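Q: Can you walk me through this model? I'd like to go by topic.

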Amino acid sequence: MSVPQEHDYIGLSEENKASDKILSSEIETKNVLNLKETELRLGLPGSESPERKSGNGVSLFWKDEGNNGFSQSPLKNFVSGAKRDFSDAIKGSGKWALSINGGSEGDLEKNDGLFSPRGYKGNNTLPEKEIPPVKPVEEKKIESGNNTPANKAQVVGWPPIRSFRKNTLATNSPKNSDVTAKSGSRCLYVKVSMDGAPYLRKIDLKTYRSYMELSSALEKMFSCFTIGQYGEGFAGKERLSESHIMDLLHGSEYVLTYEDKDGDWMLVGDVPWEMFTDSCKRLRIMKGSDAIGLAPRTMQKCKSQK
Amino acid sequence: MAYSFPEEVLEHVFSFLSSDKDRNAVSLVCKSWYEIERWSRRRIFIGNCYAVSPEIMIRRFPEVRAVEIKGKPHFADFNLVPEGWGAYVRPWIRAMSAAYPFLEEIKLKRMVVTDECLELIARSFKNFEVLVLSSCDGFTTAGLASIAANCRNLRELDLGESEVEDLSGHWLSHFPDNCTSLVSLNMSCLGSEVSFSALERLVARCPNLRTLRLNRAVPLEKLSNLLHHAPQLVELGTGAYSAEIRSDIFSSLAEAFSVCKQLKGLSGLWDVVPAYLPAVYSVCSGITSLNLSYATIQSPDLVKLVSQCQNLQRLWVLDYIEDTGLEALAASCKDLEELRVFPSDPFGAEPNVSLTEQGLVSVSEGCPRLQSVLYFCRQMSNAALITIARNRPKMIRFRLCIIDPQAPDHLTHEPLDTGFGAIVENCKELRRLSMTGLLTDRVFEYIGTHAKKLEMLSIAFAGNSDLGLHHVLSGCESLRKLEIRDCPFGDEALLANAAKLETMRSLWMSSCSVTFGACKLLGRRMPSLNVEVMDERGPPDSRPESCPVEKLYVYRTVAGRRVDMTGFVWTMDEDAATARL
């Protein structure tokens with residue numbers, strides 16, 4: 001096959017700038033090189049999200065490296081009462097993203113996720129004779145050995161296996177000695193609803209290894225609702241600050257609860273993580289005031305289950 | 001010239017046309033043929049529930065007896081479409097309950113069905129016979145009870161892999177004692193145990209029962225009872241295939257199977273205890289379809305079973321079969337047409353079984369009729385793909401999933417462009433292709449050049465630039481469905497090929513680089529397309545126009561923009577830059 005030649009019908013050139021005849025003037029001249037503006041970020045619209053920003057940019061659901069700064073506060077919002085404050089329990093870096101950022105070639109500006117879109121830059125287009133650098137791939141191979149199975153499952157919807165099959169594999173009894181149901185290999189989708197939110201979400205509990213990870217993921221997922229509630233009145237360009245959002249969440253006293261195998265609603269955080277994932281069927285972020293009365297039962301229930 | 005046949009004659013002629021394509025062609029000949037055809041069409045297939053409205057369907061085709069509708073995009077199977085996106089069947093059921101009182105069949109895929117819908121179906125259609133719900137959700141077993149209780153002539157109830165809120169197994173007991181019409185029952189997706197005696201009596205009184213797919217909760221010890229009542233079964237899905245190892249259970253099971261001389265399909269087989277597998281050996285020579293994809297048994301046991309099934313045409317299996325097992329398969333099952341190998345441990349960091357590209361190569365060499373492949377593995381090479389392509393030029397469906405989505409050729413470390421290029425170049429009849437691995441724009445050039453019959457293409461983590469997308473959109477003449485995730489495709493190719501999108505059913509792009517501005521432009525320029533942006537960060541106009549959207553779903557429609565969208569979906573159209581209900 002001949003090397004793909006540069007063609008003009010879509011106005012692509014070596015420089016590949018967005019201002020060509022195809023695009024109308026309605027589209028702002030896209031600065032393809034400006035990665036920051038176009039990358040998918042989880043922060044608030046236009047905000048710099050200082051606590052969440054990383055050098056390489058982050059895609060949804062991925063946590064930056066070494067970004068422990070903000071991880072403390074959201075937990076308070078999901079767990080009511082001083083008794084269940086997880087901030088003390090947080091240790092170490094919340095590093096559960098696939099750590100592949102090192103070694104990416106500067107001009108490819110690969111995100112730290114292997115699974116982020118590549119090639120924003122024009123000079124990646126043609127002629128694409130050379131293969132994308134092998135280095136990042138090899139690095140990934142080396143790194144992957146350090147990642148626990150739970151990390152691999154973090155790309156949403158990958159590998160492409162239907163939930164029915166995933167859940168069936170997860171509940172296969174580990175009879176066969178060669179076939180062990182490793183905790184990292186299971187997958188468990190549960191629905192998460194939030195009081196007042198217009199729709200619910202589904203998450204895979206097995207992609208998290210601790211309450212901290214779960215909590216921060218949920219906080220990210222549902223922060224858009226809180227913004228929505230209070231953001232409607234804002235002019236399009238006004239920005240809410242990070243801390244403002246934290247205040248809103250904190251002020252509303254949301255509490256994270258779950259429905260267990262027996263159909264009872266319990267507060268999240270009382271039992272060891274493994275026990276929680278084994279028994280959790282559904283999650284609900286409810287208003288703190290509604291959660292009163294859940295607390296005492298959980299302790300008793302745990303005791304009776306022993 | 002008045003040399004035309006009387007209408008009745010034409011109608012009779014048209015009654016032999018079953019294919020939609022033929023009927024659509026007939027409708028275009030002249031006005032009177034259009035009229036005759038539309039009154040005589042009995043079956044409707046709607047590939048995208050938002051491409052047309054119930055009102056339009058009913059207005060054109062007043063005498064429909066069977067409807068098949070598909071809803072959510074395919075990537076919904078992998079949780080890429082958030083809950084609440086849409087695909088509600090309710091407006092369809094409501095409209096049809098008034099307009100089609102004689103409706104007999106409803107088949108739905110990836111749609112949201114509520115108990116209310118099921119009750120409405122049960123009440124509205126006196127001749128209702130067939131309900132197939134594939135990968136649907138939103139209903140409970142209470143809805144099933146309504147169907148069981150009220151549909152006097154129910155022939156087929158197939159729940160596919162739907163997500164049913166399982167309140168209890170009591171629904172099955174709602175089949176009245178005088179219900180004897182069942183031909184097919186598939187309840188394999190349900191968790192709760194049904195009353196076994198109710199099940200047994202139901203099976204016993206339905207002499208035409210051909211397909212019975214049990215759920216996992218039906219115990220193996222009782223399977224032989226059911227088989228004795230239904231020796232005419234053609235397809236059986238067992239429950240959990242495990243029990244205490246006892247010779248009496250084994251012998252009654254073996255004896256029960258030996259009586260099922262018509263059995264062609266076997267599935268279920270959860271929790272298999274290998275000692276019980278020989279009970280099915282007597283039927284193996286007749287088996288053409290075998291679904292072992294939940295059977296967590298090792299290669300030797302798998303091989304023993306599979307090598308007895310010389311007439312096997314379709315095999316779904318876990319990767320426990322390994323390369324050695326696939327070699328044995330290739331040696332014994334010369335009629336094999338479809339192979340699907342699923343991963344037993346997809347999230348593990350290291351391979352847990354010895355299944356590589358070699359297994360697929362062996363099957364491609366040994367099975368001359370192989371035409372449909374779904375293969376999960378952890379490594380691939382261009383050489384293997386080229387060999388497979390040359391061995392099987394009649395391949396129709398080829399879906400390869402490498403667990404690491406950007407894995408290069410494991411021997412040469414090059415991209416897998418040439419391998420997939422060989423597939424599309426050799427397999428001229430290829431209709432469906434899913435690719436993974438390290439792939440550059442080059443592979444898309446091959447696809448655009450050669451894949452002229454390709455109807456559905458799935459791409460993930462591939463390509464370098466818009467040129468890749470452009471090759472596909474401009475070259476693949478038969479393309480109907482294109483789904484893309486995590487690729488660096490942006491605005492240029494999409495806008496340059498906007499007209500192509502009108503010839504396709506749908507385009508899905510998520511985590512790519514298509515900007516909000518481009519989506520707006522596309523929506524404005526192409527009124528026959530619905531350009532839907534999904535973004536859970538909030539309204540797209542609260543971010544710069546150059547900001548990429550999270551998810552884009554574009555589909556052609558004659559029904560205009562939909563009005564049932566939830567809070568994270570926006571349609572780009574002429575009326576407003578963003579319009580949302």
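**Salt bridges, cores, cysteines and a sheet**

A: Start with a salt bridge: the side chains of Glu455(B) and Arg480(B) meet at 3.1 Å, N to O. The term means a side-chain nitrogen of Lys or Arg within 4 Å of a carboxyl oxygen of Asp or Glu. This is a predicted model, where local features need pLDDT of at least 70, side-chain atom pairs count only at pLDDT 80 or more, and totals for chains, interfaces and linings use all residues. Residues are numbered from 1 along each chain as its sequence is written, chains are lettered from A and ligands numbered from 1 in the order in which they are written, and side-chain values use heavy atoms, with hydrogens and water left out.

Q: Where do Glu455(B) and Arg480(B) sit in the chain?
A: Glu455(B) is in the loop between α16 and β18 of chain B, and Arg480(B) is in the loop between α17 (466-475) and β19 (481-485) of chain B. The pair links distant parts of the chain, 25 residues apart. Helices (H or I, at least four residues) and strands (E, at least two) are DSSP runs, numbered from the N terminus.

Q: What is the relative accessibility of Glu455(B)?
A: It is 25%, so Glu455(B) counts as partly exposed. Arg480(B) is partly exposed too, with a relative accessible area of 31%. Buried means under 20% relative accessible area, exposed over 50%, partly exposed in between (1.4 Å probe, protein chains only).

Q: How many salt bridges over all chains?
A: The count comes to 31. One of them joins the side chains of Arg90(B) and Glu116(B), at 3.4 Å, N to O. Arg90(B) lies in helix α5 (residues 90-99) and Glu116(B) in helix α6 (residues 115-124), both of chain B, so the pair ties together parts that are 26 residues apart in sequence.

Q: Which residues are linked in a network of salt bridges?
A: Arg162(A), Asp77(B), Arg110(B) and Glu161(B).

Q: Switching topic. How many residues has the largest nonpolar core?
A: That core has 210 residues. Those with the most contacts inside it include Trp171(B), Tyr241(B) and Phe398(B). A nonpolar core is a set of buried Ala, Val, Leu, Ile, Met, Phe, Trp, Tyr and Cys residues joined through side-chain atoms within 4.5 Å.

Q: What is Trp171(B) in contact with?
A: Leaving aside neighbours within four places in sequence, the contacts of Trp171(B) include Thr141(B), Leu144(B), Leu185(B) and Val194(B). Contact means heavy atoms within 4.5 Å.

Q: Is Cys309(B) buried or exposed?
A: Buried, with a relative accessible area of 1%. Cys367(B) is in no disulfide either, and the nearest cysteine sulfur, that of Cys333(B), is 6.9 Å away. Cys367(B) counts as buried, at 0% relative accessibility.

Q: What about the sheet in chain A: which order do the strands have?
A: The order is β2-β1-β5-β3-β4, in an open sheet of five strands with mixed pairing. The edge strands of chain A are β2 (201-204) and β4 (265-267), each pairing on one side only. Two strands pair if DSSP finds at least two bridges between them.

Q: How many bridges between β3 and β4(A)?
A: Three, in the antiparallel sense, with β3 of chain A covering residues 254-260. Glu259(A) stands opposite Trp265(A) in β4(A).

How values were computed: Disulfide = S-S within 2.5 Å.
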